[in-house]
Amino acid sequence: MAEATLPFVRTPINILKRGVEYSPAGLVGGIGKMLAEGRKGNVDGFLRGIEMLSSGITGTGLVALGMWAGHRGFVNGSLGGWNKETAYKQTLGEQDYAVTVGDMTFTLDWASPLAMPFFVGVE
């Protein structure tokens, strides 16, 4: 029974780890790793720091892109809690976490974990 539930516990944790890796926190972690491993002369650790830095830069760029796209109205974040206004928007075809193209919306929630920093910026 424990073996059957283990994948369902590990998956959200792994998604959260990737979300942090592709965020400004990953950027700071990468710089710290590069400095620490560079002082030790550990080339492999230094290269891992560069990878972490790259992921952090990518995630930070996605946050900025999400902020811009959300501000311009190209992307929806959460439509809000369940109320009459949200129900009305959904009957018109709007969706949570979706790109708006004309009168249609296309969800991007399937793109997790890379979509996490993007939608942090949108929100």
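In what sense do strand 1 and strand 2 pair, and over how many bridges? Strand 1 (residues 75-76) pairs with strand 2 (residues 98-101) in the antiparallel sense, over two bridges. Two strands count as paired if DSSP finds at least two bridges between them. Helices (H or I, at least four residues) and strands (E, at least two) are DSSP runs, numbered from the N terminus.

The model is predicted: local features need pLDDT of at least 70 and side-chain atom pairs count only at pLDDT 80 or more, whereas totals for chains, interfaces and linings use all residues. Residues are numbered from 1 along each chain as its sequence is written, and side-chain values use heavy atoms, with hydrogens and water left out.

**Strands**

Within the pairing of strand 1 and strand 2, Val75 stands opposite Val99 of strand 2. Strand 2 also pairs with strand 3 (residues 104-107), again in the antiparallel sense, over four bridges. Here Thr100 stands opposite Thr105 of strand 3. The hairpin of strand 2 and strand 3 has two residues between the strands, and Gly102 takes a positive phi near 65° in it.

**Nonpolar core**

The largest nonpolar core has six residues, namely Ala69, Val75, Ala115, Phe118, Phe119 and Val122. Helix 5 (residues 115-122) gives the most to this core, with four residues. A nonpolar core is a set of buried Ala, Val, Leu, Ile, Met, Phe, Trp, Tyr and Cys residues joined through side-chain atoms within 4.5 Å. Buried denotes under 20% relative accessible area, exposed over 50%, and partly exposed in between (1.4 Å probe, protein chains only). Val75 belongs to this core and also to strand 1. Neighbours within four places in sequence aside, Val75 is in contact (heavy atoms within 4.5 Å) with Ala69, Gly70, Ala98, Val99, Phe118, Phe119 and Val122.

**Salt bridges**

The structure holds three salt bridges, each defined by a side-chain nitrogen of Lys or Arg within 4 Å of a carboxyl oxygen of Asp or Glu.

| Salt bridge | Closest N to O distance |
|---|---|
| Arg48 and Glu51 | 3.2 Å |

Arg18 and Glu21 are three residues apart in helix 1 (residues 2-21), so about one helical turn separates them. Arg18 is partly exposed, at 34% relative accessibility. Glu37 and Lys40 are likewise three residues apart, in helix 2 (residues 24-40). In this pair Glu37 is buried at 9% relative accessible area, whereas Lys40 is exposed at 62%. Arg48 and Glu51 lie three residues apart in helix 3 (residues 43-72); Arg48 is partly exposed at 35%, and Glu51 is partly exposed at 46%.
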